[in-house]
Amino acid sequence: MTRRWEIPPTAGLPLRCRDLLGSSADLADSLARQFSIPTPALPCSGTAALVIALRTLQQRMPGRTRLIVPAYTCPLVALAAHYCPPLQVVLCDLQPGGIDLDEHQLKQLCDESTLAVVVTHLAGRVADVDTAKRIADSVGAAVIEDAAQAMGALDDGHSVGLKGDVGFFSMALGKGLTTAEGGVLFSRDSVLHQALHRQCRHDLPFSLRWELQRSAELWGYALAYQPRGLHYVYGIALRKALAQGDEVAAVGDDFSVNDIPLHRLGAYRQKVGAAALARLPDHLQQGRNRALRRAARLNTLPGVSVVMDRPGQQGTWPFLMVIMPSAPMRDAAMAQLWTSGLGVTRLFIHTLPDYPAVAPLLQTGSNIIQAQAFATRTLSISNSHWLTDALFEQILARLKAIVASPR
Ligand SMILES: *Cc1c(COP(=O)(O)O)cnc(C)c1O
């Protein structure tokens, strides 16, 4: 079945032509008001936000050389350490069947040489920050909330990113609100927050070359971010990569340290982002309603579970993270659905040690068996509004047949 359209893999907020004229509102102020966060710094990406956070913490706590991160996360998170020597990355396993850090292992890994622990609100879910904060506090380490995929998520009624010492969002393509790459960096601690702003001013120059390139990408997004356009700018490359057996290229997580420019987010793209931000609350609410209905359906399939929020937590839903009963069943589902155009894909292909570019930055030795299980048993289903109920039923029927057949 070849379709000449492609549902986007995540529920990005589409741009309107009018957005490209820009808003008169200031993006940092609007984000602060929208999410009740301190007026954030705006580096060029989520990864740049993390680099700035790490450098700021290094100055406050010299001599601490270990960064603890979830073993299953975006490879860029580990690659950020390259720009913060002599920082080494230490992997922490996940709890079984979820995205939270393994508490027992985190306790063992944290020591006086730990600079920070990264807690990741993966897939828009609200991860457990309290436990990590308690453990990190006991050794004087910081907690950084990686909310790259979770702008708009509420943790106990407040924006994610405010419980930890530092929080950041990403405005990369496909992550909800987009400026074709952009980061949002803040801290609830006003002294640390000012230090983050200072570090950004000091380390991040304006880059005309990058501004022009990213502005062109943002115009491209405004034009092509719909199923017909995505067939050409995403679907064809996806099929080609899969035909060559290159799953890493298919999902675009083949990053290296050279993929991390460090500059600031330019004024024009800020104005475009501010114009689109006005529509984000509605977009997130509709996405939440749609996702909760569909997650309930998926959770009735035997052995299948969607990663959900704990009671009281209200995440965002760029896509549904589905855990299949076994790795062979996940692979069978992907064989049928990855090139179907229906917005079914995988998040990160591997755990961090299996990315060659990441390996030199890692301190190895952790047992990451649950993270490996997560990588081999999960798939993602887009929560884009272009995936209609009828199309979602097609996916559900396929998964139902796969989990019902003995293998
Ligand atoms: C995308 C992502 C990042 C990096 O954000 P960029 O804006 O793409 O640099 C970090 N962490 C997670 C979990 C991500 O998904």
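Me: How far from an oxygen atom of the ligand does a backbone N or O atom of Gly 46 lie?

Reply: Please keep in mind that this is a predicted model. In it, a backbone N or O atom of Gly 46 lies 2.8 Å from an oxygen atom of the ligand. A polar side-chain atom of Thr 47 likewise lies 2.6 Å from a ligand oxygen atom, while an N or O atom in the side chain of Asp 146 is 2.7 Å from a nitrogen atom of the ligand.

Me: Which of the 16 residues around the ligand come nearest?

Reply: The ligand has 16 residues around it, and those that come nearest are Thr 47, Asp 146, Gln 149, Ser 170 and Lys 175.

Me: What describes two packed helices?

Reply: Two packed helices are described by the angle between their axes, together with the distance between those axes. Here, helix H2 (residues 46-60) packs with helix H6 (residues 190-203) at an angle of about 115°, and their axes are 9 Å apart. Angles of 65 to 115 degrees count as roughly perpendicular, and H2 and H6 are therefore roughly perpendicular to each other. The crossing in which H2 passes H6 is right-handed.

Me: Which residues of H2 and H6 meet?

Reply: From H2 come Ile 52, Ala 53, Arg 55, Thr 56, Leu 57, Gln 59 and Arg 60, and they meet Val 191, Leu 192, Ala 195, Leu 196, Gln 199, Cys 200 and Asp 203 in H6. Sorted by class, this contact of H2 with H6 has eight nonpolar, three polar and three charged residues.

Me: At what angle do helix H11 and helix H14 pack?

Reply: Helix H11 (residues 280-298) and helix H14 (residues 389-404) pack at an angle of about 20°, and their axes are 11 Å apart. That makes H11 roughly parallel to H14, and H11 passes H14 in a right-handed crossing. Arg 293, Arg 294, Arg 297 and Leu 298 of H11 make the contact with Asp 389, Phe 392, Glu 393, Leu 396 and Leu 399 of H14. By class, the contact of H11 with H14 has four nonpolar, no polar and five charged residues.

Terms used: Residues are numbered from 1 along each chain as its sequence is written. This is a predicted model: local features need pLDDT of at least 70, side-chain atom pairs count only at pLDDT 80 or more; totals for chains, interfaces and linings use all residues. Side-chain values use heavy atoms; hydrogens and water are left out. Axes are lines fitted to C-alpha atoms, for helices over the stretch in contact, and angles run from 0 to 180 degrees between N-to-C directions. Helices (H or I, at least four residues) and strands (E, at least two) are DSSP runs, numbered from the N terminus. Angles under 35 degrees count as roughly parallel, over 145 as roughly antiparallel, 65 to 115 as roughly perpendicular and the rest as oblique. A crossing is left-handed if the near helix is turned anticlockwise from the far one by less than a right angle, and right-handed if clockwise. Contact means heavy atoms within 4.5 Å. Ala, Val, Leu, Ile, Met, Phe, Trp, Tyr, Cys and Pro count as nonpolar, Asp, Glu, Lys and Arg as charged, and the others, Gly among them, as polar. A residue is near a molecule or strand if one of its heavy atoms lies within 4 Å of it. A polar contact is a pair of N or O atoms within 3.5 Å; within protein, one must be able to donate a hydrogen and the other to accept it, and residues adjacent in sequence count only if both atoms are side-chain atoms.
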